[in-house]
Amino acid sequence: MHRALTMTRRRIVSSIPVLLIVIVGTFLLLEAAPGDAVDAYLLSLGGGDAGLVAELRQSYGLDQSIVKRLTLYVGALLQLDLGWSVAFDRPVLDLIVERLPNTLWLMGAATALAFSLGSLLGIVAGARPGSLTDRTLSIGSLALYAVPSFWLGLVLVLVFAVDLRWFPTAGIETIASGKTGLARVADIAWHLALPVSALGFIYLALFLRMMRAGMAEAWRQDFVLSARAKGLARRRIVLRYVARNALLPLVTMLGLQAAAMLGGSVVVESVFAIPGFGRLAHEAVSGRDAPLLTGIIIVSAVLVIAVNLLVDIAYALLDPRVGSGEVAP
Amino acid sequence: MTGFLISRRNLFLGTGALMTAALPMARAWAEDAPRGGRLVVAADSEPRSLNPAIVASNGVFFIASKVVEPLAEAMLDGEGGLAPRLATSWEGSEDGLSITFKLREGVTWHDGEPLTSADVAFSAMEVWKPLQNLGRVVFANLDTVETPDAHTAIFRFSAPTPIQLIRNALPVVTSVLPKHLYEGTDIAANPANKAPVGTGPFKFAEHRPGEYYRLTRNDAYWGEGLPKLDEIIFRVLPDRAAAGSALEAGEIQLAAFSQVPLVDLERIAKVPGLKVVTEGYEALTYQLVVEINHRNEILADRKVRQALSHAIDRDFVVDTVFLGYAQAATGPVPQNAPQFYNPDVKPYSFDIEGANRLLDEAGYPRGEDGKRFSLRLLPAPFFSETRQFGDYLRQALGKVGIDVTLVNNDTPAHLKAVYTDHDFDIAVGSPVFRGDPAISTTILVQSGIPDGVPFSNQGGYANAELDTIIDQATETIDTEARTALYNDFQRIVVEDLPLINVAEWGFTTVASDTVLNVGNNPRWAVSNWADTALSR
């Protein structure tokens, strides 16, 4: 346990420079993109005179230099103030608090689906490498991996929402339904079924292939040979010896996938009209909303760092060899 | 409640004479429609403000026009093209220096306070004139608003102001705000900008960001027997395919502003129980134009611009880009604006030979590779149609020997490149005709506009004759004389081509057959939907 604490402390310290680079980088990137928040707003405004444009720039603080704006922003950030979104005309923190849970549900469920089903099928495929089942699963998963998530989403909507009407086409819950408690949870789960499938099935292939590769390698290990020589049942060898050893890299993958899935959720959230984090990021970029985008990226970075930390801790607990070097004498 | 009914009856007796012949008919028709029900509508975006008095744009009106009402609304066969709303009459003085509005009596705000002329005066002087994107132009010369009694407002102008312009602008620029909620506050930051309080047939109930807006019936609405619906829900569906699927699955009953893309219309129209309505956008005409940077010395030559215009097959654009849901344009005023449209302007025929001849005459013969010169084309990313027309234009100009490079940007980058940096040769734009050329049309060709003003002449075009006509028209009181000036305006624009008008289009609405009275006025999608109903 002491080991995990030390690791946590070290990680938090080392993530501070990473966050700083992320903040300044985001600011500069948005600055480099042509057009500012006022330009982005003018289209929905449908026009205005020169005075209006100047007044808007002033009220957004865009008449000040980038250095001044960045200093102000970082200064506020040090007081844990994420700033004001110009595109939404609301505090950034409110927007993030509102949207983050939806994305966490989506990502969490999709990751759970991809990980559990992926590793399960990986075990099936890796139990007899080279068999017909193995080949079918490998090719099938590759094909699924090649499908863009928005396309899969649209197809799922057409089949299961428009034609069969088993699931709703879009949204996070039934609008203005007034449901509470368990009924609401069930309602949200029903709405998330299709988006979770669209996001999860694509990443499933990764876990499947990794599991299978790990198992194929484990079959060649000496301890498997000795287990077979001992005359253990095949099922026992597959589950207790081969699969168990192949599972470890998947935990690492889990951490890496958290970041990738945050990106994938942009598309899926738009297709299914889920008011989530990915869609918010998209709106921040198209609105050239620097405070909002920076806020989103900071929270995402913290999220990814946290997930990776959890993965490392889990890893350290699962495998005693890991992390021992990090413990200072 | 009883007191209110009586005053409303008196009101009808008193103003009956003012009502046009068409109004009672519309009323009888509306009364036949059933009452009650919840209408769920697709919304593709969430405006940052819902205050139509500050932001007079279709995105805001789409939701807010059901809550906050203007002085008058557009109406196809109404007198002067208008139907009275909060004002029952309007009259301009001979000298054009004042306009007197009589206000409807017995109207209350959603919080129960009565509507008075003080609200109108406050809205005009504190909001429309200083803050509103369009009002800053239309009411630039407004000096004071006098309120001799609770239901009369006299607008006084410092320079002659055409009643025709004010009349045409009424539906768009005169959303009335409650003075008692805004006075003494920071108007731009007032909480009522996000949860509007108005006099309209529906009250603002809630906004769940990213999910929906909910409006509920205003039981104290001044219109007899109105509104029909109990509730309107605007469901946020940002993906273009989502609205179509949700309609097919019966989750929503209506999608306006072409939220179902043109390419899906043919399929959707065949779905039993759904209808495609093209009416209801007559006063919201969008124009497909080629904007020209006259700083480029090749394009400064009128013959080159005429050649460009001849090289465009407008009928092909209408049939292919707009799949027939548009009309070929002849000039800067759309054909569905009968007040101003000049049918005598000579349109440019599709004539490749003529275009080639003009380019030769201008001194740009084809080089050995068959090319005359190169241009950078920036298609606006606002609509898929503006982007597709950019692709077409590149090919069309290639046929007459002009080498076109497409530069695709997202919205802020496009606006900056064209309207602030002037970093383009030709651009595809989509200005809106808002009922009167003085509101947002003459600005497209007028000279002397500062850099950075969006949807204006940023191509460096200057024509003294045209500028004079535009200036004269802004202070010509006589409606006929003013219309004549705009006829000249159209003739000169078509001859000299400061920009090239290609097509004009309205939008389409897809609705369930159960939704009644869809598209029954020329600004339907952004009107109050008081008579919109659901059949059982």
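## Contact between chains A and B

In this predicted model, the contact between the two chains takes 44 residues from chain B and 43 residues from chain A, two residues being in contact if their C-beta atoms, placed from the backbone, lie within 7 Å. The elements that give two or more residues to the side of chain B that touches chain A are α3 (58-64), α5 (135-138), β9 (212-217), β10 (231-236), α8 (240-248) and α14 (411-420) of chain B; helices (H or I, at least four residues) and strands (E, at least two) are DSSP runs, numbered from the N terminus. The largest share of this side, 6 residues, comes from α14(B). By class, the side of chain B that touches chain A has 23 nonpolar, 11 polar and 10 charged residues, where Ala, Val, Leu, Ile, Met, Phe, Trp, Tyr, Cys and Pro count as nonpolar, Asp, Glu, Lys and Arg as charged, and the others, Gly among them, as polar.

Residues are numbered from 1 along each chain as its sequence is written, while chains are lettered from A and ligands numbered from 1 in the order in which they are written. Since this is a predicted model, local features need pLDDT of at least 70 and side-chain atom pairs count only at pLDDT 80 or more, whereas totals for chains, interfaces and linings use all residues.

## Helix α14 of chain B

Helix α14(B) is mostly covered, with 9 of its 10 residues buried; a residue is buried if 20 or more other C-beta atoms lie within 10 Å of its own, exposed if 12 or fewer, and partly exposed in between, with C-beta atoms placed from the backbone. The buried residues of this helix are B:T411, B:P412, B:A413, B:H414, B:L415, B:K416, B:A417, B:V418 and B:Y419. What covers them comes from both chains and includes α2 (37-45) and α12 (277-286) of chain A, together with β13 (285-292), β15 (373-379) and β17 (426-429) of chain B. Just after α14(B), B:H422 takes a positive phi of about 55°.

## Overall form of the two chains

Chain B has 17 helices and 22 strands, and along its principal axes its C-alpha trace spans about 85 × 60 × 45 Å. With 536 residues, a compact globule would have a radius of gyration near 24 Å, and the value for chain B, 24 Å, agrees with this; the radius is taken over C-alpha atoms, and the globule rule is 2.2 Å times the number of residues to the power 0.38. Of the 536 residues of chain B, 53% count as buried. Among contacts in chain B between residues at least 6 apart in sequence, 70% join residues at least 24 apart.

The secondary structure of chain A comes to 13 helices and 2 strands, and its C-alpha trace spans about 85 × 65 × 40 Å along the principal axes. Of the 329 residues of chain A, 37% count as buried. Residues 24 or more positions apart account for 75% of the contacts in chain A with a separation of 6 or more.

## A helix pair in chain A

Within chain A, the axes of helix α7 (residues 149-163) and helix α11 (residues 248-271) come within 9 Å and cross at roughly 25°; axes are lines fitted to C-alpha atoms, for helices over the stretch in contact, and angles run from 0 to 180 degrees between N-to-C directions. The two helices α7(A) and α11(A) are therefore roughly parallel to each other, a description used for angles under 35 degrees, with angles over 145 counted as roughly antiparallel, 65 to 115 as roughly perpendicular and the rest as oblique.

The contact is made by A:S149, A:F150, A:G153 and A:L154 of α7(A) and by A:G264, A:V267, A:V268 and A:V271 of α11(A). By class, this contact has 5 nonpolar, 3 polar and no charged residues.

## Local backbone features of chain B

A cis peptide bond, with omega of about -5°, joins B:L226 and B:P227, and B:P227 is found in the loop between β9 and β10 of chain B.

Although it is not a glycine, B:L497 has a positive phi of about 50°. B:L497 is found in the loop between α17 (479-496) and β19 (499-505) of chain B and is buried, with 23 other C-beta atoms within 10 Å. B:N517, also not a glycine, has a positive phi of about 60°; B:N517 is partly exposed, with 19 other C-beta atoms within 10 Å.
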